[in-house]
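Here are my notes on the model you sent over.

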Amino acid sequence: MRGQHVTNKGPFEPVSFDSTYAIIGNSFGEEGSGKTDFWLGGPAPIAVQLVGDPNGLQGPLQRYKGKEIYKTDYRFNPVAYASRGETREAAEELWNKFLADYRYALQAGVRTIIWDKEDYVWELFRHACFGDKTAMQLNFYELNCEYRLLVGEAIDAGVSLGLIRGLEDQWVSRETVDGKMKGHNTGVRKQRGMKEIPEIVDVNLHHRWDDETKSFYVEIGKCRPNGLM
């Protein structure tokens, strides 16, 4: 009953109010808007998993000389393979390495992990499962569940995870005067990557560079308190 102490908890257990001092963040913005630089400012040691952006550390790294930062590089070019099967096999091999490295970092005393970029991590995962990007959306439920759990492993380990994402043009179909449907660029830039990331992270960060002030700016969207970074 309400107000009484529960003696038989059944399958439930008390929640812990101890902070993990870790945070999962979604950083998105145009190229050169300071996303990687921001996350390199996180607690060290830092492990950077470079997927789709092998040169992502070249510029911002100079500001963090002496900091304990490690990196791994994963390069995948789907057009280099002759068939969908070969593409899937190569992607699966690289994906398994990515997973092993990620889980190693979670247990190796790393304080911050950076996926640079998350949208390419997502594409690598999709290619590892299907061999290309054309799989029907009905197949994505299982992928989404597995991917969400993968991201959640960082919080379970008490490690901050920075998910860096690029932007792309948003297109819609509109009917022309002759009754045909044609793609139309809305002029809006949207985030690339797994669509549920903004929902499952602790904080959404929109990064931008201002030419007039020559400064980086970060606009904080959803922010769910989860200890300290």
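1. Let me begin with a single side chain. Please keep in mind that this is a predicted model. Once neighbours within four places in sequence are set aside, N144 is in contact with W122, M194, K195 and E196. The residue itself belongs to helix α4, which spans residues 140-157.

2. Is N144 buried or exposed? Its relative accessible area is 9%, and buried means under 20%, so N144 counts as buried.

3. Next, the sheet. Seven strands make up an open sheet with mixed pairing, and their order is β3-β2-β4-β5-β1-β8-β9. At the edges sit β3 (69-74) and β9 (215-223), each of which pairs on one side only. From one strand to the next, the twist averages 20 degrees.

4. Strand β1 (residues 24-29) and strand β8 (residues 203-210) run parallel and are joined by five bridges. If you want a pair to click on, N26 has N204 in β8 as its bridge partner.

5. What packs on the sheet? Helix α3 does, touching β2 (46-51), β4 (112-116) and β5 (160-165). The direction of α3 makes about 85 degrees with that of β5.

6. Helix α3 (residues 118-130) also meets helix α2 (residues 84-107): their axes come within 7 Å and cross at roughly 130 degrees. Angles of 65 to 115 degrees would count as roughly perpendicular and those over 145 as roughly antiparallel; α2 and α3 are therefore oblique to each other. The crossing is left-handed.

7. Which residues make this helix contact? From α2 come R84, T87, R88, A91, E92, L94, W95 and F98, and they meet V121, L124, F125, H127, A128, C129 and F130 in α3. By class, the residues of this contact divide into ten nonpolar, two polar and three charged.

8. Finally, a hairpin to inspect. Strands β6 (residues 167-175) and β7 (residues 181-191) run antiparallel, with eight bridges joining them. E175 in this pairing stands opposite M181 in β7. Five residues lie between the two strands, and in this hairpin G179 takes a positive phi near 85 degrees.

Notes
Residues are numbered from 1 along each chain as its sequence is written. This is a predicted model: local features need pLDDT of at least 70, side-chain atom pairs count only at pLDDT 80 or more; totals for chains, interfaces and linings use all residues. Side-chain values use heavy atoms; hydrogens and water are left out. Axes are lines fitted to C-alpha atoms, for helices over the stretch in contact, and angles run from 0 to 180 degrees between N-to-C directions. Helices (H or I, at least four residues) and strands (E, at least two) are DSSP runs, numbered from the N terminus. Angles under 35 degrees count as roughly parallel, over 145 as roughly antiparallel, 65 to 115 as roughly perpendicular and the rest as oblique. A crossing is left-handed if the near helix is turned anticlockwise from the far one by less than a right angle, and right-handed if clockwise. Contact means heavy atoms within 4.5 Å. Ala, Val, Leu, Ile, Met, Phe, Trp, Tyr, Cys and Pro count as nonpolar, Asp, Glu, Lys and Arg as charged, and the others, Gly among them, as polar. Two strands pair if DSSP finds at least two bridges between them. Buried means under 20% relative accessible area, exposed over 50%, partly exposed in between (1.4 Å probe, protein chains only).
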